[in-house]
Amino acid sequence: MLNRKKRNLILATLLTIFVLTACGNTEQTASSADTESTSQSQSSEVSGEPETVKILNNKESLCLAPVHIAIINGYFDEEFAAIGQKHEIVVSNVDTVTEQITSGEINAGYGLTGTLMQPISNGLAISFVTGLHRGCTKFYVKSGSGINSLEDLKGKTIGVASLADSAPIQLKRKLHSLGFTVNGADADIEFVAYAMTDLPIALDNGAVDAIGIHDPVAYNAEKNYDFDKILDIGEDEVFSKEYCCQAYVSQDLIANNPEGAAAYARAIQKAAAFVQACPEEAARLQVENGYMPSESDEDIKSYGEILASLNYEPSVTLGRDTFTASFKDLQETGDLDTSLDIDEFTAKVFPDLEGVPDSITYNPDTKEFTENN
């Protein structure tokens with residue numbers, strides 16, 4: 001029988017498949033996109049009929065819980081039926097999302113704010129529609145390393161899943177605020193890329209001085225290694241108010257089918273509100289419906305603990321605030337073009353959609369949703 005440490009490491013590997021769309025591995029190599037039969041539909045060939053809304057999904061990604069719950073609990077079905085439209089669930093992977101959005105194979109999804117900032121600024125035609133959850137990224141050093149604070153990272157090497165991942169983006173923002181030079185030949189830090197599940201091993205072996213990782217890898221690393229946490233964006237005074245992950249749609253969808261874009265936003269808000277109110281129930285539903293692997297009830301409990309540690313209360317306003325704060329900081333660090341006008345860019349990339357509430361909450365006792373504006 002596998003010991004607990006090995007078992008948790010195997011579990012962590014399974015959990016991080018395609019977790020870019022939520023919280024994780026940016027180096028996953030997956031199969032080509034397939035479609036599920038949750039709503040069997042193809043784009044309409046009838047002139048003038050709204051296009052089918054094609055929603056990104058992937059199994060075995062815990063933080064994608066709102067998408068899974070929206071499917072399982074029928075929130076997508078309800079919202080699209082209410083406007084007389086169809087939707088399609090498209091199983092995709094991290095390596096082809098940009099191409100699939102551009103081609104129209106996908107037009108609604110869910111991703112890390114920091115990871116998407118540069119692609120959006122470079123022309124990726126998507127717009128955020130609501131913030132979904134906070135607190136999924138953590139930074140660790142090895143106990144006894146002599147690194148006791150963020151200031152001690154000067155001159156150090158930080159392991160991340162990808163140089164384009166949200167972890168280095170978040171750390172750059174934080175260290176810049178502390179006076180670090182974070183880009184260029186004179187940078188005070190160096191980032192190196194490893195596969196997400198290899199990062200704890202790299203730190204434990206001394207290959208890097210610190211690592212930036214996402215849950216659930218962070219959750220398992222903290223339990224299985226002698227690491228000290230030096231930054232948790234869910235606890236940081238600034239970052240705890242920001243969304244690590246947000247829902248988006250293509251700008252073409254907003255232009256051609258704003259009702260469909262709004263239906264997607266409402267459904268995903270409902271699902272996030274359900275996860276916030278019932279994290280262990282959400283985890284159980286993910287497992288029972290084949291969206292997450294499980295060997296025992298202990299796995300469901302662990303999944304529920306992770307979901308409960310992340311704030312899944314959705315909000316358009318706070319999601320937009322996250323975007324503008326990131327935008328300003330990344331212009332200062334040199335990661336975004338300083339000529340871009342933040343007001344014009346935000347109006348395009350985080351618009352108000354008619355019929356979408358600012359937030360939604362769920363009462364598990366009455367099983368009712370409340371829209372908050």
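Predicted model: local features only at pLDDT ≥ 70, side-chain atom pairs only at ≥ 80, totals over all residues.
Trainee: Why are helix H2 and helix H10 called roughly perpendicular to each other?

Mentor: The axes of H2 (residues 65-72) and H10 (residues 258-277) come within 8 Å and cross at roughly 105°; angles of 65 to 115 degrees count as roughly perpendicular, and H2 and H10 are therefore placed in that class.

Trainee: What makes helix H11 oblique to helix H12?

Mentor: Their axes, for residues 279-288 and residues 297-309, come within 8 Å and cross at roughly 130°. Only angles over 145 degrees count as roughly antiparallel, and 65 to 115 as roughly perpendicular, so H11 is oblique to H12.

Trainee: Why do strand E8 and strand E10 stand at the edges of their sheet?

Mentor: The open sheet of five strands has the order E8-E7-E9-E6-E10, with mixed pairing. Strand E8 (190-193) and strand E10 (227-232) each have a single partner strand, so one side of each is left without a neighbour in the sheet.

Trainee: How do you know that strand E6 and E10 pair?

Mentor: Pairing requires at least two bridges, and five bridges join E6 (residues 137-142) to E10, the two running antiparallel; Lys142, for instance, has Phe227 in E10 as its bridge partner.

Definitions and conventions:
Residues numbered from 1 in each chain as written. Heavy atoms only, no water. Axes fitted to C-alpha atoms, helices over the stretch in contact; angles between N-to-C directions. Helix = DSSP H or I, 4+ residues; strand = E, 2+ residues; numbered from the N terminus. Parallel < 35°, antiparallel > 145°, perpendicular 65-115°, else oblique.
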